[in-house]
Number of protein chains: 2
Amino acid sequence: MLSPTRLELSGERFSAVYSFTGDYDEAYRKAKDVCVEQTVEFPEDLIPDDDIKKLIIGKIESFDKTEKGYQAEISFAIEITANELTQFLNVIFGNISLKPGIRLEKINLSQGLYTFLQGPRFGIAGLRQYLGVYDRPLLCTAIKPMGLSNKELANLAYQFAKGGIDIIKDDHGISNQAFSEYQDRVIRCVEAIHRANEESGNHAIYAPCITAMDEQLKERAHYAKEVGAGGLLVSPGIVGFDRMQSLANDDTLALPILYHPTFLGSFVTNPHAGISPYVLFGQLARLSGADVVIFPNYGGRFSFSKEDCLEILRGSTEPMDKIKPIFPAPAGGMKLQAIHEMVNTYGRDVVLLIGGDLHRHGSDLVQNSKLFRQYVCL
Amino acid sequence: MLSPTRLELSGERFSAVYSFTGDYDEAYRKAKDVCVEQTVEFPEDLIPDDDIKKLIIGKIESFDKTEKGYQAEISFAIEITANELTQFLNVIFGNISLKPGIRLEKINLSQGLYTFLQGPRFGIAGLRQYLGVYDRPLLCTAIKPMGLSNKELANLAYQFAKGGIDIIKDDHGISNQAFSEYQDRVIRCVEAIHRANEESGNHAIYAPCITAMDEQLKERAHYAKEVGAGGLLVSPGIVGFDRMQSLANDDTLALPILYHPTFLGSFVTNPHAGISPYVLFGQLARLSGADVVIFPNYGGRFSFSKEDCLEILRGSTEPMDKIKPIFPAPAGGMKLQAIHEMVNTYGRDVVLLIGGDLHRHGSDLVQNSKLFRQYVCL
């Protein structure tokens, strides 16, 4: 048996809400399991009646029957996060991710967390100001398909910008292929959009895909900034939420961050396990510095339900103390015809991301982009 | 319509095997979907009959009925990976992670991938040589529970090392909490294990948990090396597989890497979606540089099946050209009594990771560690 431990903690606790499958007993066992597995990972009966047992092990604050099964709010001492986003993720959904029938539904933050979770630099109001667009949804598209030369991609970017699209991003799979080298692409696209803006009076920005290994991520971000890109497309499922946060917090960059959901699907495709869309694309997006969160809209190529999408809307915009609300960017096979419905669902504070469908309305992409804008302004 | 694109590609392709739920038509539609979604993400009917259609879009090489449903092997041009682990992950399971009923089962590598996927530095043979242990399974334990002071953690490390455990790691949730600051902990544990080794003639190593935000990850790794730690505990689910690879490839570190599965569970808890244990804890572990892969053994606190675990054994050890085989480290509530069964299942080339149970055999942890060694050597 260990000797009893005495700890000097602040008493501040944050909490997370989990749902569980199973009957009362099974669900309660799972809730107890979260308390232990996410903290001490140690047989509870071998811990003496001390401060580790009292303060470090998670505490079930409430346990209730819901429509889906059971739900518990579990609190944790703020000190166990070590003031690190990485360890914070580890506490809220680390080892228990490996157990079935447990889903992280919501995070209830406490004041101390805001010292290391500053949230987005821009948020909705900041990005509107940055783009000078106050009175309508923002328009976004992607340059693709992979395989086009940088010259062709830049030509697409030019047409989209000229036609009035606000944010022109790389497709998330275009990184640094030999047929589309990163630095060359960024220079060409920045130049093309700059030229289109001069001609049209628009203020489009280019957000290159900076997904890259280790230190190259930051190198690509800084290169983008240096040559005049206006935003960054980041895939935290691949490069880590902490690095998205670090890019957001970097004052020498000061660029809006678009969060791409690639590689993260397994967290949300099972309604009885994983992380809720509310947390993954809402709360966590904001806490780790995204200004825009891209996710598959209902009714497109993917199979998110409308309820999933409304959860993301709420998670990305509901009040969260100092953390700014951010733009939801429903995407994934959206068509111009869907715009009315999208605006009805998400409201005016939305980034409408339409990719392939812009190519489906004749060969003049400037015209198609103008059509996109018209649909939005109807 | 886009103008036709002509590409100069090598012709080299690698492939991945996916399984699908649904009947023939649904499964085949999903296979086609993987081909498009993981590459061009663009309506196929809008791509002219060119090299993008022929070479960039994934190709279904085979499509078969299996016991579980349907399975397809899909090939991709090696050039689309951009020689980056990050984009490689994006190709094999990026956006399709967001669609239900698709599971990545296996990766079939091609020669060109080995230029940027070098694999583990040590592997099984290298780690045996590093530790000087050739003829038996390796013994591993964790210092915990979270909440103990560094002095107490170092005292545990001392006893484990003295009793003959080979690898003594931090619990994966102990990062840099105020009650267990990282640098102080590493110094104390290294010193304790060094002292135990001198007294006992053992060659135990200490592997601190270096999970940390952004650049601090590398700083912690280098600090560990500097003060004499013998390995590193890395959580790629939180910090990214590319950073694990970067730590493995760093010649100034040259330390064995232990891969912890925290935060990755959602990929493997659904047998009809996500990533197979074979890939996630086997192939990907090796490709991104781990020397030891920790995973929840069957029969413990978690619910992996024996078949899942055997998949991990195969994935971590089956021949994969230049990529060395690595140690599986079944864990998660393992007891000394399970050792015989574990060695029967995994063979001699296994890291036996027993944590809490070492505290369950009386208060003398040196003795308990010796007992652990005895069980292994029976």
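**B:Arg6 is exposed, at 63% relative accessibility (exposed means over 50% relative accessible area, buried under 20% and partly exposed in between, with a 1.4 Å probe and protein chains only).** The model is predicted, with local features requiring pLDDT of at least 70 and side-chain atom pairs pLDDT 80 or more, while totals for chains, interfaces and linings use all residues. Residues are numbered from 1 along each chain as its sequence is written, chains are lettered from A and ligands numbered from 1 in the order in which they are written, and side-chain values use heavy atoms, without hydrogens and water. B:Arg6 forms a salt bridge with B:Asp51, and their closest N and O atoms are 2.7 Å apart (a salt bridge is a side-chain nitrogen of Lys or Arg within 4 Å of a carboxyl oxygen of Asp or Glu). B:Arg6 lies in the segment before β1 (13–20) of chain B and B:Asp51 in helix α2 (residues 51–56) of chain B, so the pair ties together parts 45 residues apart in sequence. Helices (H or I, at least four residues) and strands (E, at least two) are DSSP runs, numbered from the N terminus. B:Asp51 is buried, with a relative accessible area of 7%.

**A salt-bridge network joins A:Asp33, A:Glu37, A:Glu41, A:Lys99 and B:Arg301 through shared partners.** Within this group, the side chains of A:Asp33 and A:Lys99 meet in a salt bridge at 2.6 Å, N to O. A:Asp33 belongs to helix α1 (residues 24–37) of chain A, and A:Lys99 to the loop between α3 (85–93) and β4 (102–108) of chain A; the two residues are 66 residues apart and link distant parts of the chain. Both A:Asp33 and A:Lys99 are buried. Over all chains, the salt-bridge rule gives a count of 50.

A:Glu215 is partly exposed, with a relative accessible area of 48%. Helix α7 of chain B also contains B:Arg220. B:Arg220 is buried, with a relative accessible area of 7%. Not counting residues up to four places away in sequence, B:Arg220 touches A:Glu84 as well as B:Ser175, B:Asn176, B:Tyr182, B:Ile210, B:Thr211 and B:Ala212 (contact means heavy atoms within 4.5 Å).

**The interface of chain A and chain B brings 81 residues of chain A into contact with 82 residues of chain B.** About 7300 Å² is buried between the two chains, and carbon and sulfur atoms give 58% of this area; buried area is the accessible area (1.4 Å probe) that two parts lose on being put together, summed over both. On the side of chain A, A:Leu98, A:Met213 and A:Phe263 lose the most area to chain B, together 11% of what that side buries. The rule finds 14 salt bridges across this interface. Residue pairs in polar contact between chain A and chain B, both at pLDDT 80 or more, number 44. A polar contact is a pair of N or O atoms within 3.5 Å; within protein, one must be able to donate a hydrogen and the other to accept it, and residues adjacent in sequence count only if both atoms are side-chain atoms.

**B:Phe267 sits in helix α10 (residues 265–268) of chain B.** B:Phe267 is buried, with a relative accessible area of 3%. Leaving aside neighbours within four places in sequence, B:Phe267 is in contact with A:Phe263, A:Ser266 and A:Phe267 in chain A, and with B:Phe93, B:Ala273, B:Gly274, B:Ile275 and B:Leu280 in chain B. The C-alpha atoms of B:Phe267 and B:Asp25, 242 residues apart along the chain, are separated by 25 Å.

**Helix α13 (residues 339–346) of chain A has A:Ile339, A:Met342, A:Thr345 and A:Tyr346 as buried residues.** Seen down the axis of α13(A), these buried residues fall within an arc of 125 degrees, so they line one face of the helix; the arc is that of the directions from the helix axis to the C-beta atoms. On the other side of α13(A), A:His340 and A:Asn344 are exposed. The buried residues of α13(A) pack against β11 (292–296), α12 (306–317), β12 (327–331), β13 (351–353) and α14 (365–377) of chain A. A:Gly347 follows α13(A) and has a positive phi, near 85 degrees.
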